[in-house]
Amino acid sequence: MNEYVKNDLMRYYGKYDFGTFVKAYFNNRTFRLQYAFRLMHSKGFAKFWGKVLWRFNSTKKRIQLDSHATIGYGLYIGHDGPIVVHPTAVIGNNCNLSQFTTIGSNENHAATIGDNVYIGPNVCIVEDVKIGNNVTIGAGSVVTKDIPDNATAVGNYAKVINYNNPGRYITNRWEIKKNK
């Protein structure tokens, strides 16, 4: 099983065995879209099969996840969208995207989002902003400026309100093992 698929399963279900994969694939249309996305970034037959699955996936109408976007391990999309992610977006590991999230750009330079980031419902992230690691962005926020590591930001326009326990909504994190 692809490492990215394992990581996504871990984020959704807290485990990544074959039975969990089958359950997720047949019962969770968001996961089906992510599975096709992950396969498209593989090699050989898996890449071909990913393109086939991607083409026939009806979830793309609600989740506009461009196949060129760069997405790290352990993506979690809550509530089945709708979500829009620009092709130039870079999303780190263990990120949550809530319903009605838009990561967009009018100038082909979308946001770079760090690891362990929770993006609440109805958030709009505009243009080439940098969002640090371990960040929480509150519901309804419009992000137009960079947000530092370990911050909680809310509002229209989003402002940092504190540095108390950000990223706490990121559950079942996939820990990346570093070789020493």
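**Helix packing and the parallel sheet**

Helix α3 passes helix α4 in a left-handed crossing (left-handed if the near helix is turned anticlockwise from the far one by less than a right angle, right-handed if clockwise). The model is predicted, with local features needing pLDDT of at least 70 and side-chain atom pairs counting only at pLDDT 80 or more, while totals for chains, interfaces and linings use all residues. Residues are numbered from 1 along each chain as its sequence is written, and side-chain values use heavy atoms, without hydrogens and water.

The axes of α3 and α4 (residues 44–55) come within 7 Å and cross at roughly 145°. Axes are lines fitted to C-alpha atoms, for helices over the stretch in contact, and angles run from 0 to 180 degrees between N-to-C directions. Helices (H or I, at least four residues) and strands (E, at least two) are DSSP runs, numbered from the N terminus. Residues of α3 in contact (heavy atoms within 4.5 Å) with α4 include Leu 33, Phe 37 and Met 40.

The axes of α1 (residues 3–13) and α3 (residues 29–40) come within 10 Å and cross at roughly 160°. Helix α1 is therefore roughly antiparallel to α3 (angles over 145 degrees; under 35 is roughly parallel, 65 to 115 roughly perpendicular and the rest oblique). The crossing of α1 with α3 is right-handed.

Five strands form an open sheet in the order β1-β4-β7-β10-β13, with parallel pairing (at least two DSSP bridges between two strands). Its edge strands, β1 (63–65) and β13 (142–143), each pair on one side only. Strands β7 (residues 101–104) and β10 (residues 124–126) are joined in the parallel sense over three bridges.
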